[in-house]
Amino acid sequence: MPSSAASTPPLPATAAGIACGAGAAALWAAGLVAARHAIAIGFSPADIVIHRFIWAGLVFLPLLAINGLVARKGVAPKGLVSLKSFGDLGGVGWFRGIMLTLFGGPVLALFSYAGFLLVPLAHGGVIQPSCAALGGLLLATLVLKEKLPAYRAAGAAVMVAGLAVIGGEALATIGTHGLLGDLSFVTAGTMFAIFGMLLRLWRIAPTRAVAITSVVSLVYLPVHALAFGFERMIALGFLENLVQLVCQGIFAGAGATYLFTRSVVLLGAGRAAVFPSLVPGFTLLIGLVVLGEAPSLAQLAGFAIVMLGFWLTQRS
């Protein structure tokens, strides 16, 4: 662990932090590519939500009870099962747990996946993380009262210009329904920004938030069973469902969150904040290799403009 008195982490810690941050971005990107693939072969957005949250919820549920996953003041619960940990949702509280799940749970995932019904991978890979960054910048200024330097404001304006290029390409080549797909990604990114703001406002660690949102998201299981059923998921076969379980539930969920949290510990929050900006590039690269989806010139131009804006917003 780097010393808090040191101005920069030692080289091994820095290298490990960079590896963790880049790995988190790659796993988030893999989740987006896998979602695009799932939509293409017949999964519905609602089906993918099952793989994103339910399996993780089933894993974290007994841990929350048996281990007192988020017990107050670090005190382990007495006995094999702590009913108190359920009574206040392990110290987070039900109101906060429900709010975190509302903005970071199944509803966000539905918007994130639904956009791929209307627009190609490049749109989701760029628009969603960009809007998450823009929304986070705005909320940090308005709600958390953090200062907004001029270069970060300029970066936000540049990012908006890049998103406008991508949106214009969707309107010209796909039609007005293409804008609806982009709007779905805008909504998902904005919800994630609110989710991140709540974590900072309430001082909740990301790994703890993953556990809480996964457990509360279990209420989606009976809703899905009644509204959609599982016939389509079963018909698509074990292998395709396993791919989504791994990519959504493990890679894009707990795995990416853990790696990103480790990068924050090793590098500090300011330096680690740059890694989500790698998600669009990783998404386009993985999508090209795995799905064969090559971005258009307009999408690449929008991506380049957005990356310039990302760079400006992430300057220290």
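**Close-up views of a predicted model**

View 1. Gly162 is buried, its relative accessible area being 0% (buried means under 20% relative accessible area, with a 1.4 Å probe and protein chains only). This is a predicted model, in which local features need pLDDT of at least 70 and side-chain atom pairs count only at pLDDT 80 or more, while totals for chains, interfaces and linings use all residues. Residues are numbered from 1 along each chain as its sequence is written, and side-chain values use heavy atoms, with hydrogens and water left out. Gly162 belongs to helix H7 (residues 150-173), helices being DSSP runs of H or I with at least four residues, numbered from the N terminus. Apart from neighbours within four places in sequence, Gly162 is in contact with Gly302, Ile305 and Val306, where contact means heavy atoms within 4.5 Å. Between the C-alpha atoms of Gly162 and Ala304, which are 142 residues apart along the chain, the separation is 7.5 Å.

**View 2. Helix H6 against helix H14.** The axes of H6 (residues 121-142) and H14 (residues 279-291), lines fitted to C-alpha atoms over the stretch in contact, come within 8 Å and cross at roughly 165 degrees, on a scale from 0 to 180 degrees between N-to-C directions. H6 is therefore roughly antiparallel to H14, a term for angles over 145 degrees. H6 contributes Leu121, Ala122, Gly125, Val126 and Pro129 to the contact, and H14 contributes Val279, Pro280, Thr283, Leu284, Gly287 and Leu291.

**View 3. The chain as the setting.** The chain has 15 helices and zero strands, strands being DSSP runs of E with at least two residues. Of its 316 residues, 46% are buried.

Definitions and conventions:
Angles under 35 degrees count as roughly parallel, over 145 as roughly antiparallel, 65 to 115 as roughly perpendicular and the rest as oblique. Buried means under 20% relative accessible area, exposed over 50%, partly exposed in between (1.4 Å probe, protein chains only).
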